[in-house]
Amino acid sequence: MTTEAATRRMPGAPCWVSLLANSLSATQEFYGALFGWEFRPGPQHFGPYARAFLDGREVVGVGELAPDRHLPVSWTTYLASDDADVTAEQIRCCGGTVGVGPLDADDDAGRMAIGSDPQGAIFGIWQGRSMMGTAITGEPGTPVWNELVTQDTESVGPFYEHVFGFEAEPAASADFDYVTLQLKGQPMAGIHGVGNALPRDRGSHWMTYFAVSDTDAASRRVTELGGRVLQPPRDSAHGRLATVADSEGAVFTILQQH
């Protein structure tokens, strides 16, 4: 399932993922070896930042945290917006918060904000101008899915429906608390209610899934590169997946699709 970015740029669609790390060089080394990414300098308005490319196409962003900012190292999912200022206002009106922005990224790349939903899960807003977002998804080494992991879908689903216009499609199974967020009938993201299994140290959070050609081999490679396997490879309805952490502890999921 390779999706050219154009179909993922409608407002609300996940369009970009970005990682804030303690060491930009160590992070580039890890992901370059794992996914084959090549890095080029990006906008430096928040500090050191690089964009990762695969076969010359833009995939993700990686920034470096200021030494005095003790924030968790984590991937952030960005949702597309036609107007970041209007979306930020909608976030506030629907019980969320806006922690950063909206503000312009330099080089006329776009306008962005960082918000959180009523359960505290952090996400980004991206109003693309010259830089629209991830250029390709679905191929090994590219983002393939974004999923909100939260206490339950009912408490936060309406927030995303109201702010971004998603239609919610609940899972058919009564004992599996899962909602697929759709736009114009296309699945865009998921909300997974895990109840008491929600990690206490992380709370509600967005999870980025990256496509791989072999989940078992990629899991071994994560360990070799100084990362950890948090949930070992397992089969799911969508393919074989594993939840892992990079060398600095940023958590993500790898997925070998059917």
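This briefing walks through a helix, some salt bridges, a loop residue and the cysteines of the structure above. The model is predicted, so local features need pLDDT of at least 70 and side-chain atom pairs count only at pLDDT 80 or more, while totals for chains, interfaces and linings use all residues. Residues are numbered from 1 along each chain as its sequence is written, and side-chain values use heavy atoms, with hydrogens and water left out.

**Helix 2**

- Helices (H or I, at least four residues) and strands (E, at least two) are DSSP runs, numbered from the N terminus.
- Which residues of helix 2 (residues 84-93) are buried? They are Ala84, Thr87, Ala88 and Ile91; buried means under 20% relative accessible area, exposed over 50%, and partly exposed in between (1.4 Å probe, protein chains only).
- Seen down the axis of helix 2, these buried residues fall within an arc of 105°, so they line one face of the helix. The arc is taken from the directions from the helix axis to the C-beta atoms.
- An α-helix has 3.6 residues a turn, so residues three or four places apart point the same way.
- The cover over the buried residues includes strand 7 (97-105), strand 8 (110-116), strand 9 (122-128) and helix 3 (153-164).
- Just after helix 2, Gly95 has a positive phi of about 95°.

**Salt bridges**

- The whole structure holds ten salt bridges, each being a side-chain nitrogen of Lys or Arg within 4 Å of a carboxyl oxygen of Asp or Glu.
- One of them joins Arg111 and Asp85 (2.7 Å, N to O). Arg111 lies in strand 8 and Asp85 in helix 2, so the pair ties together parts that are 26 residues apart in sequence.
- Arg111 is buried at 16% relative accessibility, whereas Asp85 is partly exposed at 36%.
- Arg111 also meets Asp104 in a salt bridge (3.2 Å, N to O).
- Asp85, Asp104, Asp108, Arg111 and Arg129 are linked in a network of salt bridges.

**A loop residue, Arg9**

- Arg9 sits in the loop between strand 1 (3-4) and strand 2 (14-21), and is partly exposed at 29% relative accessibility.
- Apart from neighbours within four places in sequence, Arg9 is in contact (heavy atoms within 4.5 Å) with Ala80, Met132, Gly133 and Thr134.
- Arg9 and Met132 are 123 residues apart along the chain, yet 7.4 Å separates their C-alpha atoms.

**Cysteines**

- How many disulfides are there? The count is zero, a disulfide being a pair of cysteine sulfur atoms within 2.5 Å.
- For Cys15, the nearest cysteine sulfur is that of Cys94, 19 Å away.
- For Cys94, the nearest cysteine sulfur is that of Cys93, 6.5 Å away.
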